[in-house]
Amino acid sequence: MKFSRSDFPTGFQFAAATSSYQIEGHRFGGAGATHWDSFAATPGNVVRAENGAVACDHYHRWEEDLDLMQALGLDAYRFSTSWARVLPEGRGTPNAEGLDFYDRLVDGMLARGLNPMATLYHWELPAPLADLGGWRNPDIAHWFADFATVIMKRIGDRVYSAAPINEPWCVGWLSHFMGLHAPGLRDIRATAHAMHHVLTGHGRAIQAMRALGMKNLGAVCNFEYAHPADDSETAVEAAALYDGYYNRFFVGGLFRGAYPENVMEGLAPHMPKGWEDDFPLIREPIDWFGINYYTCKRIAPKDGAWPAHEEIPGPLPKTQMGWEVYPEGLYRILKWLTEEYTGDLPIWVTESGMANPDVPGTPDTERIAYLDAHVAAARRAMDEGVPLKGYTFWSLLDNYEWSLGYEKRFGLVHVDFETLVRTPKASYDQLKDALAR
Ligand code: FCB
């Protein structure tokens, strides 16, 4: 790697991220069924119908995984808590084993000098709540706040930071409009409701955690840089609409108390009753904001119903996901976000990384270059005033990449999914050197 820890201010933190369903092994420890289990069991949704039943077996191998992060020289670990592991029915009686697991995990991080950065929800909705409409049901904000209280009563005294929901766009649009993630709906009314309730849920969870006396509470959204496919007016408008529902909708709610007009042209008729009154809740003050960044998109207009556009392939080198490598987008988004929305609020890169068809023994030079270029883009934004406090790599381990199953490898550490053996990749070794310099 070209960068060194010493290029960054004292106190700047480097972290790695994972999420519960992607690594833990959901069949262990008394966790309840989630909508990802049923989504994955339905033919056509997930490559080879793979699910998170075993994943990386982090549930049993968590000490080894924390050791790997300590040896890497990280300052923090961004993990998530599975709602269904803590509350198998989504509400009601907690699963003592689940609470014990997160308790041990947090203590294990502290013992290794890793700051625990908790995300409450990284997508594995308890199936009984999905049966009640999941994110379409306005009551979810209350169910979610109750879950926040149960888990944080147990670990909230020791976590360094907490955010309610990972990537509202994925919970709302990807899962309810595109149908690519659980619950796999393609319905504009479901989308409008989910996009709004994810934010009311965020607000209620922040309130619940504040009520427990917790500090350093934030939010994490994902962003893609939206290029118009060409410089025609229609392409520029199409890209602005993509930018609207992907990048601006959630920060609009969180920081301005309003949704973008171009997005409301499509969604307004489908919004839940009384949505305009929810912004005081959605704007509940937060202490930091996290951005997840991977790629850019090229957007072209297309005949048909709103949003009437499509993604077209771009010219840049692509990762195993088919995503263009565009570090400049991270720089631009950091600048744009702080200038237009977040101001002086501390910012974190809470995820960035790439998938590559890695095999142990062959250096993952593509990942080394990717990480280096994106860290450099973030450093450049800091030079220009962006108050960036930390940088998080996705991911510590190869893991369950949702509807793409186990094939897309994002880890700094290779996982053999037959034997569950962990093997650090060249990117891990190089990152370790960079962080020691
Ligand atoms: C992000 C998700 C994470 C992982 C990466 C590749 O959108 O937060 O779980 O799937 O993409």
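Reader: What makes the way α9 passes α10 a right-handed crossing?

Author: A crossing is right-handed if the near helix is turned clockwise from the far one by less than a right angle, and left-handed if anticlockwise; α9 passes α10 in the right-handed way. Bear in mind that this is a predicted model, where local features need pLDDT of at least 70, side-chain atom pairs count only at pLDDT 80 or more, and totals for chains, interfaces and linings use all residues. Residues are numbered from 1 along each chain as its sequence is written, and side-chain values use heavy atoms, with hydrogens and water left out.

Reader: Why is α9 called oblique to α10?

Author: Helix α9 (residues 188-211) packs against helix α10 (residues 233-256) at about 40°, and their axes are 11 Å apart. That angle makes α9 oblique to α10, because under 35 degrees is roughly parallel, over 145 roughly antiparallel, 65 to 115 roughly perpendicular, and the rest oblique. The axes are lines fitted to C-alpha atoms, for helices over the stretch in contact, and the angle, from 0 to 180 degrees, is taken between N-to-C directions. Helices here are DSSP runs (H or I, at least four residues), as are strands (E, at least two), numbered from the N terminus.

Reader: Which residues of α9 and α10 meet?

Author: From α9, M195, V198, L199 and H202 meet Y245, F249, F250, G253 and L254 of α10. By class, that contact has seven nonpolar, two polar and no charged residues. Contact means heavy atoms within 4.5 Å. For the classes, Ala, Val, Leu, Ile, Met, Phe, Trp, Tyr, Cys and Pro are nonpolar, Asp, Glu, Lys and Arg are charged, and the others, Gly among them, are polar.

Reader: How do you know how α8 and α9 run relative to each other?

Author: Look at the angle. The axes of helix α8 (residues 168-176) and α9 cross at roughly 170° and come within 8 Å. Therefore α8 and α9 are roughly antiparallel to each other. Their contact uses P168, V171, G172, W173 and H176 of α8 plus A190, T191, A194, M195 and V198 of α9, which divide into seven nonpolar, three polar and no charged residues.

Reader: Why is α8 described as largely enclosed?

Author: Nine of its nine residues are buried, so α8 is largely enclosed by the rest of the structure. Buried means under 20% relative accessible area, exposed over 50%, and partly exposed in between (1.4 Å probe, protein chains only). The cover over the buried residues of α8 includes β3, β4 (161-165), α9, β5 (218-228) and α10.

Reader: What makes R112 buried?

Author: R112 has a relative accessible area of 17%, so it is buried. It sits in the loop between α5 (96-111) and β3 (115-121).

Reader: How do you know that the R112 side chain makes a polar contact with that of D67?

Author: The distance is 2.6 Å. A polar contact is a pair of N or O atoms within 3.5 Å; within protein, one must be able to donate a hydrogen and the other to accept it, and residues adjacent in sequence count only if both atoms are side-chain atoms. Leaving aside neighbours within four places in sequence, R112 is in contact with E63, L66, D67 and Q70.

Reader: Is P183 buried, exposed or partly exposed, and why?

Author: Its relative accessibility is 34%, so P183 counts as partly exposed. P183 lies in the loop between α8 and α9, and a cis peptide bond joins A182 to it, with omega about 10°. Beyond its neighbours within four places in sequence, P183 is in contact with H35, F39, S175 and H176. F39 itself, in helix α2 (residues 35-40), is buried, with a relative accessible area of 5%.

Reader: What makes the phi values of R48 and W402 worth a look?

Author: Most residues other than glycine have a negative phi, and most peptide bonds are trans. Phi is positive for R48, near 55°, and for W402, near 50°. R48 is in the loop between α2 and α3 (58-72), and its 54% relative accessibility counts as exposed. W402 lies in the loop between β9 and β10, and its 2% counts as buried. S395 lies in the loop between β9 (388-394) and β10 (413-415), and the W394 to S395 peptide bond is cis, with omega near 10°.
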